[in-house]
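The sequence and the structure are shown first.

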Amino acid sequence: NTVWAFATAGVAARTLFEAIAAEALRRMKEFNSQAMANTVWAFATAGVPARTVFEAIAAEALRRMNEFNSQNMANTVWAFATAG
């Protein structure tokens, strides 16, 4: 997950994050629970706003809640709380 790597490195490359956000919206149904959790975690950690990504992940996560393990759930909840 590219945005996860950039966020972990402390690099908020806004243009890259915006491009990945657009692609993530197109491919959201392909994301597994870890990909969803890592994506919102990365945007929240980097401080890059991505309302539409968070909304899409919230909707998809609700449909597939049973796929989330405790770590994915905790990371997702943290990301939503941090991003506001």
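## Basis of the report

The structure is a predicted model.

## Packing of α3 against α4

Helix α3 spans residues 33-46 and helix α4 spans residues 51-63. Their axes lie 10 Å apart and form an angle of about 155°. Because angles over 145 degrees count as roughly antiparallel, α3 is described as roughly antiparallel to α4. The two helices cross with left-handed geometry.

On the α3 side, the contact is formed by M36, T39, V40, F43 and A44. The α4 side contributes V53, F54, I57, E60 and A61. Sorted by class, the residues of this contact comprise eight nonpolar, one polar and one charged.

## Packing of α3 against α5

Helix α5 covers residues 70-83, and its axis is 8 Å from that of α3, at an angle of about 30°. Since angles under 35 degrees count as roughly parallel, the pair α3 and α5 is classed as roughly parallel. The crossing of α3 and α5 is left-handed.

From α3, the residues S33, Q34, A37, V40, W41, A44 and T45 take part in this contact. Their counterparts in α5 are N72, N75, T76, W78, A79, F80, T82 and A83. By class, the contact of α3 with α5 holds eight nonpolar, seven polar and no charged residues.

## T39

T39 is located in helix α3 and belongs to the set of α3 residues that touch α4. Its relative accessibility is 3%, and it therefore counts as buried, the cut-off being under 20%.

A polar atom of the T39 side chain is 2.7 Å from the backbone oxygen of A35. When neighbours within four places in sequence are left aside, T39 is in contact with N1, V3, F31, V53 and I57. Of these partners, V53 and I57 are also listed among the α4 residues that form the contact with α3.

## W41

W41 likewise lies in helix α3, and it is one of the α3 residues that meet α5. With a relative accessibility of 22%, W41 counts as partly exposed, because that class lies between the limits of 20% and 50%.

Apart from neighbours within four places in sequence, W41 is in contact with W4, A7, T8, W78 and A79. Among them, W78 and A79 are residues of α5 that meet α3. W41 and A74 are separated by 33 residues in sequence, and their C-alpha atoms are 10.0 Å apart in space.

Methods
Residues are numbered from 1 along each chain as its sequence is written. This is a predicted model: local features need pLDDT of at least 70, side-chain atom pairs count only at pLDDT 80 or more; totals for chains, interfaces and linings use all residues. Side-chain values use heavy atoms; hydrogens and water are left out. Axes are lines fitted to C-alpha atoms, for helices over the stretch in contact, and angles run from 0 to 180 degrees between N-to-C directions. Helices (H or I, at least four residues) and strands (E, at least two) are DSSP runs, numbered from the N terminus. Angles under 35 degrees count as roughly parallel, over 145 as roughly antiparallel, 65 to 115 as roughly perpendicular and the rest as oblique. A crossing is left-handed if the near helix is turned anticlockwise from the far one by less than a right angle, and right-handed if clockwise. Contact means heavy atoms within 4.5 Å. Ala, Val, Leu, Ile, Met, Phe, Trp, Tyr, Cys and Pro count as nonpolar, Asp, Glu, Lys and Arg as charged, and the others, Gly among them, as polar. Buried means under 20% relative accessible area, exposed over 50%, partly exposed in between (1.4 Å probe, protein chains only). A polar contact is a pair of N or O atoms within 3.5 Å; within protein, one must be able to donate a hydrogen and the other to accept it, and residues adjacent in sequence count only if both atoms are side-chain atoms.
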